[in-house]
Amino acid sequence: PTDVSNIASKVLPSVVQVNVQISTAQGVGEGIGSGVILTADGRVLTNNHVVSGAQQVQVKLNDGRTFTAKVVGTDPATDLAVLQLQGASGLTPATLGDSSKVKIGDQVVAIGSPGGLQGTVTTGIVSALNRPVTVSEDEGQQAPNPYAANPYGKNNNGNQTTYQAIQTDASINQGNSGGPLVDSNGNVIGINSAMYSPVSTADGKAGSVGIGFAIPSNTAKTVIDKIVNG
């Protein structure tokens, strides 16, 4: 059996909470997402829809420290973004695994800040592979509290993009966006990005029904390289 406590203790120092301020028609809104530390000097991977339209980005580490972050680059087509923390050093990078080796039925663990509850750990299995997920590219501008990525093209506004995702039954809710889906060795094999719910509300706060989606880590590696190298 997978020892989730060992996985959590290994990965939690590499998972952050992403707090954003977004200008909306009603004023300034706030959003919460998650992210994965890539380098010791503070490069962080998250979802594009978490930071899209953000006026200010603050990143809170698992140990409670908070840093201002700037957006290095985004890729709406895969719903990924790279941040850089200002003045950070000595952080614990996550290990990006090989998502091509993931199999249906593999044990996985999701970590993030659902509802702002930082450091929440859930577990499950890989339910399916290569699921086409369609989201709005400007989702972060449409939702003051972004985690409203809607699979199957439901209730989207603006331009849409589709990517091939890992499906999991590990509980994923608002605020998990951008956080890691890790394997039994603690390697990041996906970036949690969307959830499906048969019932949703205007604010996108429907809960998890055991159908969540993650962007494969191999896709993330390609996007990170393109963003970092311009």
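Predicted model: local features only at pLDDT ≥ 70, side-chain atom pairs only at ≥ 80, totals over all residues.
Biologist: In which loop is Asn 187 found?
Modeller: Residues are numbered from 1 along each chain as its sequence is written, and side-chain values use heavy atoms, leaving out hydrogens and water. Helices (H or I, at least four residues) and strands (E, at least two) are DSSP runs numbered from the N terminus. In these terms, Asn 187 belongs to the loop between β10 and β11.

Biologist: Is Asn 187 buried or exposed?
Modeller: The classes rest on relative accessible area with a 1.4 Å probe and protein chains only: buried is under 20%, exposed is over 50%, and partly exposed lies in between. Asn 187 has 19% relative accessibility, so this residue counts as buried.

Biologist: How far apart in space are Asn 187 and Ile 7, C-alpha to C-alpha?
Modeller: Asn 187 is in contact (heavy atoms within 4.5 Å) with Lys 10, Thr 95, Gly 97, Leu 181 and Val 182, once neighbours within four places in sequence are left aside. Asn 187 and Ile 7 are 180 residues apart in sequence, yet their C-alpha separation is 9.0 Å.

Biologist: Which side chain of opposite charge is nearest to Asp 183?
Modeller: Asp 183 lies in the loop between β10 (180-182) and β11, where a polar atom of the side chain of Asp 183 is 2.9 Å from the backbone nitrogen of Asn 185. Beyond four places in sequence, Asp 183 is in contact with Ile 7, Gln 107 and Ile 189. Charge is assigned as positive for Lys and Arg and negative for Asp and Glu, with His and the chain ends not counted, and a salt bridge requires a side-chain nitrogen of Lys or Arg within 4 Å of a carboxyl oxygen of Asp or Glu. Asp 183 is buried without a salt bridge, and at 6.7 Å the nearest side chain of opposite charge is that of Lys 10.

Biologist: How many salt bridges does the structure hold?
Modeller: One joins the side chains of Asp 63 and Arg 65, at 3.0 Å from N to O; Asp 63 is exposed at 51% relative accessibility, and Arg 65 is partly exposed at 39%. Another links Lys 103 with Asp 106, whose closest N and O atoms are 3.8 Å apart; Lys 103 is exposed at 53%, and Asp 106 is partly exposed at 24%. The number of salt bridges in the structure is 2.

Biologist: What phi does Asp 79 have?
Modeller: Most residues other than glycine have a negative phi. Asp 79 lies in the loop between β5 (66-75) and β6, and its 2% relative accessibility is why this residue counts as buried. Although Asp 79 is not a glycine, its phi is positive, at about 60 degrees.

Biologist: In which strand is Asn 130 found?
Modeller: Asn 130 likewise has a positive phi of about 60 degrees although it is not a glycine. At 58% relative accessibility, Asn 130 counts as exposed. Its strand is β8.

Biologist: Which side chain makes a polar contact of 2.5 Å with that of Thr 39?
Modeller: Thr 39 lies in the loop between β2 (27-37) and β3 (43-46), and its side chain reaches the backbone nitrogen of Arg 43 at 3.0 Å. A polar contact is a pair of N or O atoms within 3.5 Å; within protein, one must be able to donate a hydrogen and the other to accept it, and residues adjacent in sequence count only if both atoms are side-chain atoms. The partner at 2.5 Å is Asp 41.

Biologist: Over which residues does pLDDT stay under 50?
Modeller: The mean pLDDT of the chain is 87, and 85% of its residues reach 70 or more. The stretch under 50, for which the model has 68 contacts beyond four places in sequence, covers residues 139-157.

Definitions and conventions:
pLDDT = per-residue confidence, 0-100.
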